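The following note sets out points for a colleague who is examining the model shown here.

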Amino acid sequence: MPVQMKLTRIIISEINEQQVIYLREVDGDRQFPILIGKYEAISIDRRVKSIPRTRPLTHDLIVDAIEKLGGELDSIVISDLKEHTYFASLRIRVDGELVDIDARPSDAIAVAVTNEPMLPIYVAENVLEEAMNSE
């Protein structure tokens, strides 16, 4: 059963390539970090802070394209962790069916915070347990 999480922290470093975001359990205390790229971290940070954009950014484009093609963004799920790499999917409702699209967690979270309203973020229980044990 996936656990609903929320984005609680974004750490952007000027000197490191790897940036860090933290997800925390909505109805609990468990949390874990995910290392992401600088551009994804900046995109997430800009959306969370509601910094205006003059033109659509990549994650805006994804959300708009899905909506204009008749899909409805449902949620994101971080479903696996293999060799320190997280795997996620965008869940899109198309003609009443739920379709999973493979995505990097950083891109999936950026899409989640770009969507209005923000999409729910879920993490598979086994992934959450493994992430907690690897800290």
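1. Terms and basis. A contact is counted when heavy atoms lie within 4.5 Å. Helices (H or I, at least four residues) and strands (E, at least two) are DSSP runs, numbered from the N terminus. The model is predicted: local features need pLDDT of at least 70, side-chain atom pairs count only at pLDDT 80 or more, and totals for chains, interfaces and linings use all residues. Residues are numbered from 1 along each chain as its sequence is written, and side-chain values use heavy atoms, with hydrogens and water left out.

2. Overall fold. Four helices and seven strands make up the elements of the chain. Their order from the N terminus is β-β-β-α-α-β-β-β-α-β-α. The C-alpha atoms occupy a box of roughly 40 × 35 × 25 Å along the principal axes. The radius of gyration, taken over C-alpha atoms, is compared with a globule rule of 2.2 Å times the number of residues to the power 0.38. For 135 residues a compact globule would have a value near 14 Å, and the 15 Å of the chain agrees with this. Among contacts with a separation of 6 or more, 46% join residues 24 or more positions apart.

3. Accessible areas come from the Shrake-Rupley method with a 1.4 Å probe, and for residues only the protein chains shown count as cover. The chain exposes about 8200 Å², of which carbon and sulfur atoms supply 50%. Buried denotes under 20% relative accessible area, exposed over 50%, and partly exposed the range in between (1.4 Å probe, protein chains only). By this criterion 39% of the 135 residues are buried. Lys and Arg count as positive and Asp and Glu as negative, while His and the chain ends are not counted. The place of a charge is NZ of Lys, CZ of Arg, CG of Asp or CD of Glu. There are 15 positive and 24 negative side chains, and the centres of the two sets are 7 Å apart.

4. Helix 1 and its cover. Which residues of helix 1 (residues 38-48) are buried? They are Glu 40, Ala 41, Ser 43, Ile 44, Asp 45 and Arg 47. Their cover includes strand 1 (3-11), strand 2, strand 3, helix 2 (58-68) and helix 3 (105-114).

5. Ile 36. This residue belongs to strand 3 (residues 31-36). Ile 36 counts as buried because its relative accessibility is 4%. Apart from residues up to four places away in sequence, Ile 36 touches Glu 17, Gln 18, Gln 19, Ile 21, Ala 41, Ile 44 and Ser 106. Ser 106 is 70 residues from Ile 36 in sequence, yet their C-alpha atoms are 6.0 Å apart.

6. Glu 25 and Arg 30. Glu 25 lies in strand 2 (residues 19-25) and is buried, since its relative accessibility is 11%. Beyond four places in sequence, the contacts of Glu 25 are Val 3, Gln 4, Met 5 and Arg 30. A salt bridge is a side-chain nitrogen of Lys or Arg within 4 Å of a carboxyl oxygen of Asp or Glu. Glu 25 and Arg 30 form one, with an N to O distance of 2.8 Å. Arg 30 is partly exposed, at 24% relative accessibility.

7. Other salt bridges. The total count is 12 salt bridges. One of them joins Asp 80 and Lys 82 at 3.5 Å, N to O; Asp 80 is partly exposed at 24%. Another pairs Asp 100 with Arg 91, whose closest N and O atoms are 2.8 Å apart. Asp 100 has a relative accessible area of 45% and is therefore partly exposed. A network of salt bridges links Arg 47, Arg 53, Asp 60 and Glu 116.

8. Backbone geometry to inspect. Most residues other than glycine have a negative phi, and most peptide bonds are trans. Ser 50, in the loop between helix 1 and helix 2, has a positive phi near 55° and is exposed at 60% relative accessibility. His 84, in the loop between strand 4 (72-82) and strand 5 (85-94), has a positive phi of about 70° and is exposed at 75%. The peptide bond joining Glu 116 and Pro 117 is cis, with omega about -5°. Pro 117 is in the loop between helix 3 and strand 7 (121-123).

9. Met 1 precedes strand 1 and is exposed, at 85% relative accessibility. Met 1 and Tyr 122 are 121 residues apart in sequence and 9.4 Å apart in space, C-alpha to C-alpha.
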